[in-house]
Amino acid sequence: MQPRQSSTAGSRRWWQGAVGYEIYIRSFADGNGDGVGDLLGLRSRLAYLADLGVDLIWITPFYPSPMADHGYDVADYRDVDPRYGTLADFERLLAEAHELGLRVLVDLVPNHTSSGHSWFRSARRSRDDPYRDFYIWREPAAEGGPPNNWVSHFGGPAWTYDEATGEFWLHLFLPEQPDLNWANPAVAAAFDDILAFWLDRGVDGFRIDVAHALVKDPQLRDNPLRSAAPSNTSAREIWSAHEHRYDLDQPGVLEIYQRWRELAAPYDALLLGEVYLFDPWKVARYVAGQQGLHAALCVTTTRTGWDASLIRSTLREGVAAGNGYLAWPLSSHDDPRAPTRFGGGERGSHRALAYLTLLAGLPGIPFLYQGDELALENGEVPRERALDPVELRNVAGRGRDGSRTPIPWEPGAGLGFTTGEPWLPFGERRGEDTVAVQDQDPRSYLNRTRALLATRHSSTDLSGEKAVEWLASTGPIVAYRRGNVLVAANCGPDRDLLHLPQGDWEKVFVSQDAAQLRDRRLELAEDTAAVLYARVVPEAHGKVGR
Ligand code: NOJ
């Protein structure tokens, strides 16, 4: 297989026009039969990814970890957990990925370490320990409770009391994930070295975990309450009842990325932030002016329901705010898979591919999560087999296990994922969910996704910088045009029509065989999307509408 060419023309960076793919390593492919995905398994599937048409893969954390949050609790930033392989395995993986034309982002977790990290173990020893100030410690409040009202994303207060030293430590996630103190220059210096460690090994960049939270209010002021949190409610609702004025999105955070941008520049590496803020204009601050991050994941796309006006406004706002610097995930390991979110069953899967079609034409980086190309729904994980700390710690609500079940590669025991016992149940997977079966069917989700990504790559209007011109501003069809390409999806309950701008349009991609093009009218069945090319460049755009 020939590696795809990366873009080097002019000032264009290699990630502009690229398509991303998230690998949740525990569940992708198991190479050693212990039931947990690993680097060896991933290496064996790289050719599949190159063939799918993705350009860059983000691998979730594979560093040594006690796995309190499945690797997002890092105990050593410069090594590989033995369950996932070795550093040498990673180097081989990187070399093979590069041969196939795939870029590799590793997941950097700078907001917190594991409580098992040597820095934290040292910091806990005494108030005078040289690593004490790597973390955020405070005396109890006057009545003996936590120093402020901040809550953890995963339930309960964001503070845990350390008996031995008589202070609380801050953790925006689990107590086993103590937050680093980015006001301490020694923390910044330690991370400079960590970035250099991976860049020197040849990684193409970083996905930066919780990129909006590294800096905290220096006075650690209480967050205002938006509403009284109902009792007996889920951690997510309690968290949402607070206005995160002082724990997230603080002014100084961009200085960290300015510094990293300089570090990354000689390596031509990408800084892709997980900026988990729902206002795209706030996210935009992180990628503005070519000073901070190069790109940020737009988290709202993974939470949008099947509703034309919501989808339209989410994408329109994101495009306007992100100015070409957003990545557009369809699903992720933190959210329900798109087909499940969109109602499940065949209908949910059709909708997910239609939605992916909309994402695939946007400026920025469309992002698939492993299994999106198969239109996988969430796997069913019985409560007694739950492993996600979010579920284990909260009585109300299910956790994230359902979107993390292993990938079904082929029919049969272990589904080609493992020869052992999978660490999480697969859920109900049928033969037609597997890669092997879908590969043989030209109309499968897998082959349609391949065709969609090929469409993006073959069009310089889609993979380039052409501006987005939104069509139909109301109604069930969400549509836009970029140069000579038009992308439309029917997100309503019935068949509907889009009147096309002037031009000689032809269909180049349909998400299912339910799109008809006649007399400058595109008729789309519900849950269906299409990409059209104009064969002749029209002089001026005609009036467009429903
Ligand atoms: C975001 C990650 O995607 C999620 O899986 C993790 O639990 C939190 N950050 C904490 O690191």
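Two strands count as paired here if DSSP finds at least two bridges between them. Helices (H or I, at least four residues) and strands (E, at least two) are DSSP runs, numbered from the N terminus. This is a predicted model, in which local features need pLDDT of at least 70 and side-chain atom pairs count only at pLDDT 80 or more, while totals for chains, interfaces and linings use all residues. Residues are numbered from 1 along each chain as its sequence is written, and side-chain values use heavy atoms, with hydrogens and water left out.

Five bridges hold strand 16 against strand 19 (residues 529-534) in the antiparallel sense. Look for Glu506, which stands opposite Tyr533 in strand 19. Contact means heavy atoms within 4.5 Å.

Is strand 13 buried or exposed? Six of its six residues are buried, so strand 13 is largely enclosed by the rest of the structure. Buried means under 20% relative accessible area, exposed over 50%, and partly exposed in between (1.4 Å probe, protein chains only). Ile477, Ala479 and Arg481 are buried on one side, and Val478, Tyr480 and Arg482 on the other. In a regular strand the side chains alternate between the two faces of the sheet.

**View C. Two hairpins that share strand 13.**
Strand 12 and strand 13 run antiparallel, joined by two bridges, and Trp470 has Tyr480 as its bridge partner. Six residues lie between these strands, and Gly475 in this hairpin takes a positive phi near 90°. Two residues separate strand 13 and strand 14, and Gly483 in the turn has a positive phi of about 60°.

**View D. The surroundings of Trp137.**
Trp137 is in strand 4 (residues 137-138) and is buried, at a relative accessible area of 7%. Leaving aside neighbours within four places in sequence, its contacts include Phe120, Arg132, Phe168 and Trp169. A polar atom of the Trp137 side chain lies 3.0 Å from the backbone oxygen of Arg132.

**View E. Nonpolar cores.**
A nonpolar core is a set of buried Ala, Val, Leu, Ile, Met, Phe, Trp, Tyr and Cys residues joined through side-chain atoms within 4.5 Å. The largest one has 139 residues, and Leu49, Phe62, Phe90 and Tyr257 have the most contacts inside it. Helix 5 (residues 185-201) gives the largest share, nine residues. A second, separate core of 18 residues includes Val151, Leu172, Ala213 and Trp239.

**View F. Cysteines without a partner.**
The whole structure has zero disulfides, a disulfide being a pair of cysteine sulfur atoms within 2.5 Å. Cys298 is buried, with a relative accessible area of 4%, and Cys491 counts as buried at 5%.

Key:
A polar contact is a pair of N or O atoms within 3.5 Å; within protein, one must be able to donate a hydrogen and the other to accept it, and residues adjacent in sequence count only if both atoms are side-chain atoms.
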